[in-house]
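Here is a walk through one structure, part by part. Keep the view open as you read.

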There are 2 protein chains.
Amino acid sequence: MDTKSLLIDTATTLFQQKGYKSVGLTEILKACNVTKGALYHHFPNGKEELLITCLHGLNEVITTDIKAIFSRHLSTKDAILSMIDKLILNFEKNDTIIGYTFSSIVSEMATMSEPVRIACSALYENIQNLYHEKLLTEGYSNESASAIALLLTASIEGAIMLCITQNSATPLKTIATLLPSILEVNK
Amino acid sequence: MDTKSLLIDTATTLFQQKGYKSVGLTEILKACNVTKGALYHHFPNGKEELLITCLHGLNEVITTDIKAIFSRHLSTKDAILSMIDKLILNFEKNDTIIGYTFSSIVSEMATMSEPVRIACSALYENIQNLYHEKLLTEGYSNESASAIALLLTASIEGAIMLCITQNSATPLKTIATLLPSILEVNK
DNA sequence: GTCTATAAGACGATAGAC
DNA sequence: GTCTATCGTCTTATAGAC
(Lines give C-alpha, C1' and ligand atoms only; values in the text may rest on other atoms or scores of the structure.)
Protein backbone atom coordinates (compact mmCIF):
# COMPACT_ATOMS: atom_id res chain seq x y z
CA MET A 1 0.00 0.00 0.00
CA ASP A 2 1.29 3.48 -0.79
CA THR A 3 2.34 5.78 2.03
CA LYS A 4 -0.57 8.16 1.68
CA SER A 5 -3.22 5.43 1.96
CA LEU A 6 -1.33 3.87 4.85
CA LEU A 7 -1.36 7.17 6.69
CA ILE A 8 -5.09 7.66 6.08
CA ASP A 9 -5.98 4.14 7.19
CA THR A 10 -3.90 4.29 10.36
CA ALA A 11 -5.06 7.77 11.27
CA THR A 12 -8.72 6.90 10.65
CA THR A 13 -8.56 4.01 13.10
CA LEU A 14 -6.71 6.00 15.75
CA PHE A 15 -9.01 9.03 15.44
CA GLN A 16 -12.07 6.82 15.82
CA GLN A 17 -10.60 5.08 18.85
CA LYS A 18 -9.21 8.07 20.72
CA GLY A 19 -10.63 11.19 19.12
CA TYR A 20 -8.63 13.90 17.39
CA LYS A 21 -6.70 15.85 19.99
CA SER A 22 -5.67 12.76 21.94
CA VAL A 23 -3.83 11.32 18.97
CA GLY A 24 -0.47 12.96 18.33
CA LEU A 25 1.19 13.04 14.95
CA THR A 26 4.09 11.06 16.36
CA GLU A 27 1.68 8.33 17.44
CA ILE A 28 0.23 8.00 13.94
CA LEU A 29 3.69 8.09 12.40
CA LYS A 30 5.05 5.40 14.72
CA ALA A 31 2.02 3.15 14.13
CA CYS A 32 2.72 2.97 10.41
CA ASN A 33 6.47 3.58 10.31
CA VAL A 34 6.33 6.78 8.35
CA THR A 35 8.30 9.92 9.12
CA LYS A 36 7.27 13.53 9.49
CA GLY A 37 8.79 14.52 6.18
CA ALA A 38 6.60 12.06 4.31
CA LEU A 39 3.46 13.13 6.13
CA TYR A 40 3.96 16.81 5.39
CA HIS A 41 4.73 15.99 1.80
CA HIS A 42 1.31 14.33 1.34
CA PHE A 43 -0.59 16.66 3.68
CA PRO A 44 1.02 20.12 3.49
CA ASN A 45 -1.58 21.58 5.83
CA GLY A 46 -0.81 19.04 8.50
CA LYS A 47 -3.00 17.21 10.95
CA GLU A 48 -6.33 18.84 10.17
CA GLU A 49 -5.97 18.15 6.47
CA LEU A 50 -5.23 14.53 7.32
CA LEU A 51 -8.38 14.35 9.46
CA ILE A 52 -10.60 15.77 6.73
CA THR A 53 -9.15 13.31 4.22
CA CYS A 54 -9.94 10.53 6.70
CA LEU A 55 -13.53 11.73 6.97
CA HIS A 56 -13.92 11.73 3.19
CA GLY A 57 -12.56 8.19 3.05
CA LEU A 58 -14.91 7.13 5.82
CA ASN A 59 -17.77 8.53 3.79
CA GLU A 60 -17.06 6.13 0.94
CA VAL A 61 -16.52 3.13 3.20
CA ILE A 62 -19.77 3.68 5.08
CA THR A 63 -21.73 4.31 1.90
CA THR A 64 -20.66 1.11 0.15
CA ASP A 65 -21.12 -0.87 3.34
CA ILE A 66 -24.65 0.34 4.01
CA LYS A 67 -25.57 -0.11 0.34
CA ALA A 68 -24.36 -3.71 0.48
CA ILE A 69 -26.42 -4.45 3.57
CA PHE A 70 -29.47 -2.76 2.09
CA SER A 71 -29.23 -4.82 -1.09
CA ARG A 72 -29.24 -8.03 0.95
CA HIS A 73 -32.44 -7.14 2.81
CA LEU A 74 -35.75 -6.24 1.25
CA SER A 75 -37.28 -4.37 4.19
CA THR A 76 -35.69 -1.38 5.89
CA LYS A 77 -36.46 -3.05 9.20
CA ASP A 78 -34.37 -6.15 8.43
CA ALA A 79 -31.62 -4.02 6.91
CA ILE A 80 -31.36 -1.76 9.97
CA LEU A 81 -31.39 -4.72 12.33
CA SER A 82 -28.60 -6.35 10.35
CA MET A 83 -26.65 -3.08 10.49
CA ILE A 84 -27.02 -2.87 14.24
CA ASP A 85 -25.99 -6.51 14.58
CA LYS A 86 -22.82 -5.67 12.74
CA LEU A 87 -22.19 -2.71 15.03
CA ILE A 88 -22.68 -4.91 18.09
CA LEU A 89 -20.27 -7.54 16.77
CA ASN A 90 -17.77 -4.81 15.96
CA PHE A 91 -18.10 -3.40 19.45
CA GLU A 92 -17.75 -6.73 21.22
CA LYS A 93 -14.61 -7.51 19.24
CA ASN A 94 -12.77 -4.20 19.48
CA ASP A 95 -14.29 -2.56 22.57
CA THR A 96 -14.81 0.44 20.32
CA ILE A 97 -16.72 0.83 17.10
CA ILE A 98 -14.32 1.28 14.25
CA GLY A 99 -15.43 2.09 10.74
CA TYR A 100 -18.93 3.38 11.43
CA THR A 101 -19.05 6.03 14.05
CA PHE A 102 -17.17 9.28 14.24
CA SER A 103 -19.02 10.82 17.17
CA SER A 104 -15.76 11.48 18.99
CA ILE A 105 -14.55 13.63 16.11
CA VAL A 106 -17.88 15.40 15.69
CA SER A 107 -18.30 16.46 19.27
CA GLU A 108 -14.65 17.33 19.69
CA MET A 109 -14.14 19.30 16.50
CA ALA A 110 -17.50 20.56 15.20
CA THR A 111 -17.32 23.71 17.31
CA MET A 112 -13.56 24.13 16.80
CA SER A 113 -13.03 23.86 13.06
CA GLU A 114 -15.52 24.81 10.38
CA PRO A 115 -13.98 22.65 7.61
CA VAL A 116 -14.13 19.60 9.87
CA ARG A 117 -17.72 20.40 10.84
CA ILE A 118 -18.69 20.54 7.17
CA ALA A 119 -17.03 17.19 6.46
CA CYS A 120 -18.89 15.58 9.39
CA SER A 121 -22.14 17.15 8.29
CA ALA A 122 -21.71 15.69 4.79
CA LEU A 123 -21.18 12.26 6.32
CA TYR A 124 -24.37 12.34 8.37
CA GLU A 125 -26.32 13.74 5.44
CA ASN A 126 -25.08 10.90 3.30
CA ILE A 127 -26.13 8.24 5.80
CA GLN A 128 -29.56 9.80 6.19
CA ASN A 129 -29.99 9.90 2.42
CA LEU A 130 -29.33 6.17 2.19
CA TYR A 131 -31.98 5.47 4.84
CA HIS A 132 -34.33 7.91 3.16
CA GLU A 133 -34.09 6.23 -0.24
CA LYS A 134 -34.60 2.79 1.22
CA LEU A 135 -37.71 3.96 3.06
CA LEU A 136 -39.14 5.49 -0.12
CA THR A 137 -38.96 2.12 -1.91
CA GLU A 138 -41.20 0.76 0.82
CA GLY A 139 -43.89 3.35 0.24
CA TYR A 140 -43.14 5.84 3.00
CA SER A 141 -44.06 9.41 2.21
CA ASN A 142 -41.24 11.81 1.54
CA GLU A 143 -41.64 13.71 4.81
CA SER A 144 -41.99 10.70 7.05
CA ALA A 145 -39.08 8.98 5.31
CA SER A 146 -36.78 11.89 6.03
CA ALA A 147 -37.99 12.23 9.62
CA ILE A 148 -37.46 8.52 10.29
CA ALA A 149 -34.07 8.59 8.59
CA LEU A 150 -33.05 11.30 11.04
CA LEU A 151 -34.43 9.42 14.03
CA LEU A 152 -32.57 6.28 12.96
CA THR A 153 -29.30 8.16 12.60
CA ALA A 154 -29.72 9.99 15.91
CA SER A 155 -30.79 6.99 17.97
CA ILE A 156 -28.05 4.74 16.60
CA GLU A 157 -25.34 7.36 17.16
CA GLY A 158 -26.74 8.05 20.63
CA ALA A 159 -26.82 4.35 21.42
CA ILE A 160 -23.20 3.97 20.31
CA MET A 161 -22.26 6.76 22.70
CA LEU A 162 -24.09 5.01 25.51
CA CYS A 163 -22.31 1.74 24.65
CA ILE A 164 -18.93 3.42 24.84
CA THR A 165 -19.84 5.08 28.12
CA GLN A 166 -21.24 1.94 29.73
CA ASN A 167 -18.65 -0.38 28.23
CA SER A 168 -21.43 -2.67 27.09
CA ALA A 169 -23.36 -3.44 23.92
CA THR A 170 -26.71 -3.45 25.71
CA PRO A 171 -27.85 0.02 24.54
CA LEU A 172 -27.54 -1.00 20.88
CA LYS A 173 -29.38 -4.24 21.61
CA THR A 174 -32.21 -2.37 23.32
CA ILE A 175 -32.51 0.11 20.48
CA ALA A 176 -32.79 -2.82 18.08
CA THR A 177 -35.87 -4.13 19.87
CA LEU A 178 -37.65 -0.76 19.66
CA LEU A 179 -36.85 0.44 16.15
CA PRO A 180 -39.10 -2.07 14.30
CA SER A 181 -42.25 -0.74 15.94
CA ILE A 182 -41.23 2.83 15.11
CA LEU A 183 -40.84 1.88 11.46
CA GLU A 184 -44.26 0.22 11.39
CA VAL A 185 -46.17 3.01 13.09
CA ASN A 186 -44.91 5.82 10.88
CA LYS A 187 -45.39 4.03 7.60
CA MET B 1 -18.88 33.22 44.77
CA ASP B 2 -15.92 31.32 46.19
CA THR B 3 -12.97 30.49 43.98
CA LYS B 4 -13.66 26.78 43.82
CA SER B 5 -17.26 27.20 42.63
CA LEU B 6 -16.16 29.85 40.16
CA LEU B 7 -13.60 27.47 38.70
CA ILE B 8 -16.16 24.66 38.42
CA ASP B 9 -18.77 26.86 36.76
CA THR B 10 -16.36 28.38 34.25
CA ALA B 11 -14.74 25.06 33.43
CA THR B 12 -18.10 23.30 33.01
CA THR B 13 -19.23 25.81 30.40
CA LEU B 14 -15.95 25.72 28.52
CA PHE B 15 -15.75 21.91 28.55
CA GLN B 16 -19.28 21.67 27.20
CA GLN B 17 -18.58 24.19 24.47
CA LYS B 18 -15.19 22.97 23.30
CA GLY B 19 -14.60 19.55 24.79
CA TYR B 20 -11.86 18.61 27.25
CA LYS B 21 -8.56 18.60 25.41
CA SER B 22 -9.33 21.78 23.47
CA VAL B 23 -9.65 23.79 26.66
CA GLY B 24 -6.32 24.66 28.25
CA LEU B 25 -5.90 25.36 31.94
CA THR B 26 -4.71 28.86 31.12
CA GLU B 27 -7.93 29.50 29.21
CA ILE B 28 -10.07 28.50 32.20
CA LEU B 29 -7.88 30.51 34.54
CA LYS B 30 -8.04 33.63 32.40
CA ALA B 31 -11.82 33.36 31.99
CA CYS B 32 -12.36 33.62 35.74
CA ASN B 33 -9.27 35.54 36.84
CA VAL B 34 -7.81 32.81 39.00
CA THR B 35 -4.18 31.72 39.05
CA LYS B 36 -2.57 28.33 38.76
CA GLY B 37 -1.65 28.26 42.40
CA ALA B 38 -5.28 28.59 43.44
CA LEU B 39 -6.44 25.93 41.01
CA TYR B 40 -3.91 23.36 42.21
CA HIS B 41 -4.81 24.19 45.80
CA HIS B 42 -8.46 23.22 45.22
CA PHE B 43 -7.75 20.43 42.73
CA PRO B 44 -4.41 18.81 43.65
CA ASN B 45 -4.78 16.23 40.88
CA GLY B 46 -5.15 18.92 38.26
CA LYS B 47 -7.29 19.15 35.18
CA GLU B 48 -8.85 15.70 35.25
CA GLU B 49 -9.99 16.14 38.84
CA LEU B 50 -11.55 19.44 37.85
CA LEU B 51 -13.40 17.74 34.98
CA ILE B 52 -14.78 15.00 37.20
CA THR B 53 -15.95 17.57 39.73
CA CYS B 54 -17.67 19.41 36.88
CA LEU B 55 -19.44 16.21 35.83
CA HIS B 56 -20.67 15.61 39.38
CA GLY B 57 -22.00 19.17 39.51
CA LEU B 58 -23.67 18.71 36.15
CA ASN B 59 -25.36 15.63 37.51
CA GLU B 60 -27.10 17.63 40.21
CA VAL B 61 -28.07 20.48 37.90
CA ILE B 62 -29.58 18.15 35.32
CA THR B 63 -31.40 16.11 37.95
CA THR B 64 -33.12 19.06 39.61
CA ASP B 65 -33.93 20.57 36.23
CA ILE B 66 -35.54 17.45 34.81
CA LYS B 67 -37.42 16.86 38.06
CA ALA B 68 -38.81 20.40 37.91
CA ILE B 69 -40.00 19.93 34.33
CA PHE B 70 -41.51 16.53 35.15
CA SER B 71 -43.45 17.95 38.08
CA ARG B 72 -44.99 20.57 35.80
CA HIS B 73 -46.28 18.02 33.28
CA LEU B 74 -48.49 15.06 34.02
CA SER B 75 -47.66 12.92 30.99
CA THR B 76 -44.14 11.84 30.03
CA LYS B 77 -44.94 12.92 26.50
CA ASP B 78 -45.60 16.54 27.48
CA ALA B 79 -42.64 16.55 29.83
CA ILE B 80 -40.23 15.30 27.17
CA LEU B 81 -41.56 17.75 24.60
CA SER B 82 -41.09 20.59 27.06
CA MET B 83 -37.55 19.39 27.75
CA ILE B 84 -36.72 19.34 24.05
CA ASP B 85 -38.22 22.79 23.65
CA LYS B 86 -35.87 24.02 26.31
CA LEU B 87 -32.92 22.39 24.53
CA ILE B 88 -33.92 24.04 21.26
CA LEU B 89 -34.19 27.45 22.90
CA ASN B 90 -30.84 26.91 24.56
CA PHE B 91 -29.29 25.95 21.24
CA GLU B 92 -30.72 28.88 19.31
CA LYS B 93 -29.45 31.29 21.94
CA ASN B 94 -25.93 29.97 22.47
CA ASP B 95 -25.18 28.04 19.27
CA THR B 96 -24.20 25.20 21.60
CA ILE B 97 -26.15 23.39 24.24
CA ILE B 98 -24.86 24.34 27.64
CA GLY B 99 -26.05 22.71 30.80
CA TYR B 100 -27.58 19.54 29.42
CA THR B 101 -25.31 17.65 27.11
CA PHE B 102 -21.82 16.40 27.70
CA SER B 103 -21.43 14.32 24.56
CA SER B 104 -18.20 16.10 23.70
CA ILE B 105 -16.66 14.95 26.95
CA VAL B 106 -18.04 11.43 26.69
CA SER B 107 -16.77 10.67 23.23
CA GLU B 108 -13.46 12.36 23.82
CA MET B 109 -12.64 10.91 27.21
CA ALA B 110 -14.57 7.66 27.74
CA THR B 111 -11.86 5.60 26.05
CA MET B 112 -9.02 7.64 27.53
CA SER B 113 -9.76 7.84 31.26
CA GLU B 114 -11.63 5.27 33.30
CA PRO B 115 -12.60 7.66 36.15
CA VAL B 116 -14.10 10.09 33.64
CA ARG B 117 -15.93 7.26 31.87
CA ILE B 118 -17.47 6.20 35.18
CA ALA B 119 -18.59 9.74 35.97
CA CYS B 120 -20.24 10.06 32.53
CA SER B 121 -21.86 6.66 32.92
CA ALA B 122 -23.38 7.72 36.25
CA LEU B 123 -24.79 10.82 34.59
CA TYR B 124 -26.54 8.90 31.81
CA GLU B 125 -27.79 6.32 34.27
CA ASN B 126 -29.26 9.08 36.38
CA ILE B 127 -31.10 10.66 33.45
CA GLN B 128 -32.48 7.31 32.35
CA ASN B 129 -33.68 6.59 35.88
CA LEU B 130 -35.65 9.83 35.92
CA TYR B 131 -37.35 8.92 32.63
CA HIS B 132 -37.89 5.39 33.90
CA GLU B 133 -39.67 6.50 37.06
CA LYS B 134 -41.87 8.94 35.21
CA LEU B 135 -42.91 6.21 32.76
CA LEU B 136 -43.74 3.83 35.61
CA THR B 137 -46.24 6.33 37.05
CA GLU B 138 -48.04 6.21 33.72
CA GLY B 139 -48.48 2.45 33.85
CA TYR B 140 -45.65 1.28 31.61
CA SER B 141 -44.20 -2.12 32.47
CA ASN B 142 -40.80 -2.17 34.06
CA GLU B 143 -39.05 -3.56 30.99
CA SER B 144 -40.68 -1.29 28.45
CA ALA B 145 -40.12 1.72 30.71
CA SER B 146 -36.40 1.05 30.87
CA ALA B 147 -36.16 0.37 27.15
CA ILE B 148 -37.97 3.59 26.28
CA ALA B 149 -35.91 5.55 28.78
CA LEU B 150 -32.82 4.38 26.94
CA LEU B 151 -34.26 5.22 23.54
CA LEU B 152 -35.20 8.69 24.73
CA THR B 153 -31.72 9.33 26.09
CA ALA B 154 -30.01 7.98 22.97
CA SER B 155 -32.19 9.76 20.43
CA ILE B 156 -32.00 13.11 22.23
CA GLU B 157 -28.21 12.92 22.63
CA GLY B 158 -27.89 11.80 19.01
CA ALA B 159 -30.13 14.65 17.87
CA ILE B 160 -28.03 17.15 19.82
CA MET B 161 -24.95 15.87 18.02
CA LEU B 162 -26.70 16.29 14.68
CA CYS B 163 -27.71 19.82 15.67
CA ILE B 164 -24.14 20.74 16.49
CA THR B 165 -22.90 19.18 13.26
CA GLN B 166 -25.52 20.84 11.07
CA ASN B 167 -25.53 24.13 12.95
CA SER B 168 -29.30 23.98 13.12
CA ALA B 169 -31.99 23.02 15.62
CA THR B 170 -33.98 21.05 13.05
CA PRO B 171 -32.85 17.58 14.21
CA LEU B 172 -34.22 18.20 17.70
CA LYS B 173 -37.45 19.56 16.24
CA THR B 174 -37.86 16.49 14.05
CA ILE B 175 -37.21 14.13 16.94
CA ALA B 176 -39.89 15.95 18.91
CA THR B 177 -42.52 15.13 16.27
CA LEU B 178 -41.70 11.40 16.33
CA LEU B 179 -41.24 10.67 20.03
CA PRO B 180 -44.94 10.96 21.01
CA SER B 181 -45.98 8.07 18.77
CA ILE B 182 -43.14 5.95 20.14
CA LEU B 183 -44.39 6.58 23.67
CA GLU B 184 -47.95 5.62 22.75
CA VAL B 185 -47.10 2.43 20.88
CA ASN B 186 -44.95 0.90 23.57
CA LYS B 187 -47.27 1.64 26.46
C1' DG C 1 9.42 11.04 -2.07
C1' DT C 2 11.58 10.23 2.29
C1' DC C 3 14.80 11.17 5.97
C1' DT C 4 16.75 13.73 10.41
C1' DA C 5 17.26 17.59 13.19
C1' DT C 6 15.32 21.34 15.09
C1' DA C 7 12.45 25.10 15.88
C1' DA C 8 8.79 27.57 18.50
C1' DG C 9 5.27 27.28 21.39
C1' DA C 10 1.53 25.22 24.38
C1' DC C 11 0.64 22.05 27.70
C1' DG C 12 -0.03 20.36 32.62
C1' DA C 13 2.19 20.50 36.85
C1' DT C 14 5.44 22.10 40.74
C1' DA C 15 8.07 25.06 44.10
C1' DG C 16 8.41 28.47 47.10
C1' DA C 17 7.33 33.34 48.53
C1' DC C 18 3.72 35.85 50.76
C1' DG D 1 -5.57 30.58 50.15
C1' DT D 2 -3.32 32.97 46.48
C1' DC D 3 0.61 34.62 43.88
C1' DT D 4 4.69 34.28 40.34
C1' DA D 5 8.28 31.95 38.17
C1' DT D 6 9.82 27.91 36.30
C1' DC D 7 10.34 23.06 34.90
C1' DG D 8 9.92 19.26 31.69
C1' DT D 9 7.36 17.38 28.30
C1' DC D 10 4.75 17.12 24.31
C1' DT D 11 2.83 19.32 20.45
C1' DT D 12 2.65 20.78 15.45
C1' DA D 13 5.34 22.37 11.93
C1' DT D 14 9.67 23.57 9.20
C1' DA D 15 14.36 23.31 6.94
C1' DG D 16 17.46 21.14 4.46
C1' DA D 17 20.13 16.83 3.27
C1' DC D 18 19.66 12.75 0.47
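Start at the surface near DNA strand D. Three helices each supply at least two residues of it: α2 (25-31) and α3 of chain A, together with α3 of chain B. Helices here are DSSP runs (H or I, at least four residues), numbered from the N terminus. α3(B) gives the most to this surface, with 3 residues.

A word on the ground rules. This is a predicted model: local features need pLDDT of at least 70, side-chain atom pairs count only at pLDDT 80 or more, and totals for chains, interfaces and linings use all residues. Residues are numbered from 1 along each chain as its sequence is written, chains are lettered from A and ligands numbered from 1 in the order in which they are written, and side-chain values use heavy atoms, with hydrogens and water left out.

Back to DNA strand D. It is surrounded by 13 residues. A residue is near a strand if one of its heavy atoms lies within 4 Å of it. The closest are Lys36(A), Tyr40(A), Thr3(B), Thr35(B) and His41(B). The residues of this surface divide into 3 nonpolar, 8 polar and 2 charged. The classes work like this: Ala, Val, Leu, Ile, Met, Phe, Trp, Tyr, Cys and Pro count as nonpolar, Asp, Glu, Lys and Arg as charged, and the others, Gly among them, as polar.

Which part of DNA strand D do the atoms within 4 Å of the protein belong to? Sugar or phosphate takes 59% of them, and bases take the rest. Some side chains can be picked out by distance. In His41(B), a side-chain N or O atom is 2.5 Å from a phosphate oxygen of DNA strand D.

Now turn to DNA strand C. Of the 13 residues around it, Thr3(A), Thr35(A), His41(A), Leu25(B) and Tyr40(B) come nearest. Sugar and phosphate account for 61% of the atoms of DNA strand C that come within 4 Å of the protein. His41(A) has a side-chain N or O atom 2.6 Å from a phosphate oxygen of DNA strand C. Lys36(B) reaches a base: one of its polar side-chain atoms lies 3.3 Å from a base nitrogen of DNA strand C. The elements that give two or more residues to this surface are α3 (36-42) of chain A together with α2 (25-31), α3 (36-42) and α4 (46-72) of chain B. The largest share, 3 residues, comes from α3(A). By class, the surface near DNA strand C has 3 nonpolar, 8 polar and 2 charged residues.

Next, see how the two protein chains meet. Chain B can be laid on chain A with an RMSD of 0.0 Å, by a turn of 180° and a shift of 0.0 Å along the axis. The two copies are thus related as by a two-fold rotation axis.

In all, 42 residues of chain B are in contact (heavy atoms within 4.5 Å) with 42 residues of chain A. Of the interface residues of chain B, 100% are also interface residues in chain A, so the copies meet through the same surface. The area buried between them is about 3600 Å², of which carbon and sulfur atoms give 72%. Buried area is the accessible area (1.4 Å probe) that two parts lose on being put together, summed over both.

How many salt bridges are counted between chain B and chain A? The count is 0. A salt bridge is a side-chain nitrogen of Lys or Arg within 4 Å of a carboxyl oxygen of Asp or Glu.

Definitions and conventions. Least-squares fit on C-alpha atoms with pLDDT ≥ 70 in both. Polar contact = N/O pair within 3.5 Å; in protein donor to acceptor, adjacent residues only side chain to side chain.
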